[in-house]
Amino acid sequence: MLLLDAHCHAITTEELDADAFGLWSTEASVPPPPGVSYLDGPAGLAIRRWCAPVLDLPAHAPAEEYLARRAELGAVEASRRLLRAAGLAELLVDTGLPGGLTGPALAEAAVARYAEVVRLETVAERVAAAGVSAGNFAPAFDAALAEATGEAAAVKSILAYRCGLDIDPRRPSRREVTEAAGQWLGANAKRLADAVLLRHLLWSAVDLGLPIQLHTGFGDRDLSLPRSDPSLLQPWLAAVEPSGVPIVLLHCYPYHRQAGWLAHVYPNVYLDVGLTLTHTGPRAAAVLAEYFELAPFGKILYSSDAYGLAELYLVGAEQFRWSLSALLQDWPDAERVARAVGADNARRVYRR
Amino acid sequence: MLLLDAHCHAITTEELDADAFGLWSTEASVPPPPGVSYLDGPAGLAIRRWCAPVLDLPAHAPAEEYLARRAELGAVEASRRLLRAAGLAELLVDTGLPGGLTGPALAEAAVARYAEVVRLETVAERVAAAGVSAGNFAPAFDAALAEATGEAAAVKSILAYRCGLDIDPRRPSRREVTEAAGQWLGANAKRLADAVLLRHLLWSAVDLGLPIQLHTGFGDRDLSLPRSDPSLLQPWLAAVEPSGVPIVLLHCYPYHRQAGWLAHVYPNVYLDVGLTLTHTGPRAAAVLAEYFELAPFGKILYSSDAYGLAELYLVGAEQFRWSLSALLQDWPDAERVARAVGADNARRVYRR
Amino acid sequence: MLLLDAHCHAITTEELDADAFGLWSTEASVPPPPGVSYLDGPAGLAIRRWCAPVLDLPAHAPAEEYLARRAELGAVEASRRLLRAAGLAELLVDTGLPGGLTGPALAEAAVARYAEVVRLETVAERVAAAGVSAGNFAPAFDAALAEATGEAAAVKSILAYRCGLDIDPRRPSRREVTEAAGQWLGANAKRLADAVLLRHLLWSAVDLGLPIQLHTGFGDRDLSLPRSDPSLLQPWLAAVEPSGVPIVLLHCYPYHRQAGWLAHVYPNVYLDVGLTLTHTGPRAAAVLAEYFELAPFGKILYSSDAYGLAELYLVGAEQFRWSLSALLQDWPDAERVARAVGADNARRVYRR
């Protein structure tokens, strides 16, 4: 089954040593302590299981052999093989993270169609870097967002990383935005973490009308996990509901049951399994099943959230296929549900 | 095994079209977006699995065929069949929600004994509607509660929907109650959401001495999920413990593990699996098992929390029987534990 | 496989009647209500499964037969058998809880090596009891801690029981400590629950450099469960990271997935499964698997957290062996991972 990978990122095509590869395979941002290997964990097992055969090794080949073979092929050729093997119909790439291979070229390497996901905070930081007055920030951002999203499939917010999901649900007034912009622009205007401005970005996105992807749940340690629980978004979800704009909750783990309930009771809320299946290794099938406890099946979406390593595209896809077929094996309509979650729901939500 | 359904509600016997039936089958309060069907989800699968045979269709018959057959039989006859097939010894009906068939007539249709569960907030709103002064609210409520519960098996609070479970544990003073009643009665005195008054209702119920059922965890979107975590009740549970009044935590998902711990360490706290098994479809067995991780088996109770559709009585009962027998298959004393959780614990707690 | 039990406590060798034994087998602190038996629950099943054969009874013998046989052998002989059967290479004993058999004699009864875990709050309370001025509290505590930990493997904090884990991450100033000490010493200076002083204890432990074990998640009802979520520690974990001191999160359930993420993204954070497997009975294998969803395998540690009953040493060990072998049955490198989690990781972290 070809998948629509509805949230993914650039990869690096540099040659990586074991430490660099290990670090890329996790959400960690610093090396492990002596005696601990990041590849000796759930994601490492998944890489050995699914990627080794694509590089002509037996499944579960040891990590050292895998890395030696990868180096022998070269990162470019290995990445090309891994991307093609992932079996992707289309990539929706969040271009807010840098990387050696991204955008249409990345999709081409995967033999897949391409569309962009525009990161709201990146657009705002670009507007600030280009020079703007506080009073002009709001219209300048809105114009930049409209221009940046002309061909885009969705926008994305990393609000969880910047101020947490427990936000004031109201649309900030123009005056509040101008004041907050004045403070931010008057400081260094680099990393946007002001809650008023972040809310403005979200509400501008609601006005735009494209589906909004929101990082929720785990990720790297820049976020506060308790403040990334998607159920904290309830007041905002209620406030945006009249717009009908689809809100896609990404990742969600370990709050995916909370997210499933949100998808059950808010008509415009969707559930994306990205990131979770990659990092939970042999437990992915057990975890995926929990996404199916409350959400209508038309609300569940696939993505890999792959970033950095081409391996994570293949691991995301294969963990999903394996886990979903384990889950659905005795269900009526299994094939239809699998196609819906793997691609058809995304086609409908993102109008692809 | 005949079950004691310790928390359930009225059903409608109107003829329902597919949209209305789909909406009743969920905790959602508005229709799904285009392309999404509420029946294409966990509860829909459970209805097709358990209810289709009772209406003479094969298990897992498609939803459309099921609804056509239901219409052919008529809602009254279909509901009668479903209620009888549920195999219930007794119903404890929360009469705080309206519906076409409720109270003793509902139990009669299920060929089961009947007792009432009196909703505290409904009694308070009735007292206000009848006209009462602020200073007389407290004694008038207490008198109305005593009268309403003469034959009742339990009372129930929907505090979670009205102000959340993170309440001040203290019994409010008479003066505080009068002040709060003055404000509420001076406004429109419809939906009671004042935390002081809600606490007064709870403490009056403690004085009454009947078991108190508390909505916790998921439900419809009127509640704040983070504020419905039953572990937020710890201070209040400690405060009411000397009374010995049984406190039954209903539903609990996705905080059922927290609730299991409360039932483990507070002697008068009980755990009710209602609502959860109905809405988690094929995952019910996996979820039910989590209720058995910390709670003593004498603390776990069955209910369906069925509301609106007779189907939810049958689905609740059959999901429970199937899940419990899957859980207990290799356990010693399995039969005794099953009878305890299915009916005997409830007989003891509710003195039936 | 011999295990290193990295967190455990004293046991009683008094003869226990059924009620006392039942209470010791749980985290409850008061008897159950009529009709409920603490032994009729998950831990009771585990005791019957694993301990009965060691006392010459068939597995799953009824609780009454088990207690009769235990009385026949005498608590001392029964405890000796159970401790030896646990198959422990070494015990790291938290000596902060009293009991009939503890310290080196306990390890000797288990035919295991011994090292101490020093409870920070106990040292502080001893310093206060011995008499100290507010201004001298900080240096007196530091000196007492240094002396108490000369041979220790680790220190432990029960911060979760005293003020919750949502602490100010900063090291308190000397002046703040003196002020707080003045208030505590001026009151009764018994149970230390002042957040400033508790933080001083933690930071003194960081300076000392031994691994720090932290109670997180469930336990007895003295703690606030919502405030025992280990993810609340994020700011403090970030603050102590430069020290490189290992922080071991004990128990964690029902927040073990949050804890797994902490172990994934903070290099010096470790995950200990103690207490959880004992109290979740037949569900232990399902629960243990969830600890392996995000944490690198080099970060997961075994302990029993046994206290009071020798049975809990055996139950902890056997539940772990059974659950781990069920989890790893199809994994590559299963044997190595099992040895790492069962003992080798602890040897490295605690320098044994």
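The questions below go through the core, a sheet and a helix of this predicted model.

Colleague: What makes B:Phe292 one of the core residues with the most contacts?

Modeller: Contact means heavy atoms within 4.5 Å. Leaving out residues up to four places away in sequence, B:Phe292 touches B:Phe297, B:Ile300, B:Leu324, B:Leu327, B:Trp331, B:Val337, B:Val341 and, over in chain C, C:Pro42. The largest nonpolar core counts 355 residues, and B:Phe292 is listed among those with the most contacts inside it, alongside B:Trp236 and others. As for who supplies the core, helix H15 (residues 310–328) of chain C gives the largest share, 10 residues.

Colleague: Why do you say that strands E2 and E3 of chain C pair?

Modeller: Pairing takes at least two bridges, and E2 (residues 88–94) and E3 (residues 113–119) of chain C have 5, in the parallel sense, so they qualify. C:Leu91 sits opposite C:Tyr114 of E3(C).

Colleague: How do you know that the buried residues of helix H4 of chain A are on the same side?

Modeller: Those residues, under 20% relative accessible area, are A:Ala75, A:Ala78, A:Ser79, A:Leu82 and A:Leu83. They cover an arc of only 130° around the axis, so they end up on the same side of H4(A). Their cover includes helices H3 (63–73), H5 (103–109) and H15 (311–328) of chain A. Just after H4(A), A:Gly87 has a positive phi of about 65°.

Terms used:
Residues numbered from 1 in each chain as written. Chains lettered and ligands numbered in written order. Predicted model: local features only at pLDDT ≥ 70, side-chain atom pairs only at ≥ 80, totals over all residues. Heavy atoms only, no water. Core = buried A, V, L, I, M, F, W, Y, C linked by side-chain atoms within 4.5 Å. Buried < 20%, exposed > 50% of the residue type's maximum accessible area, 1.4 Å probe, protein only. Helix = DSSP H or I, 4+ residues; strand = E, 2+ residues; numbered from the N terminus. Arc of directions from axis to C-beta.
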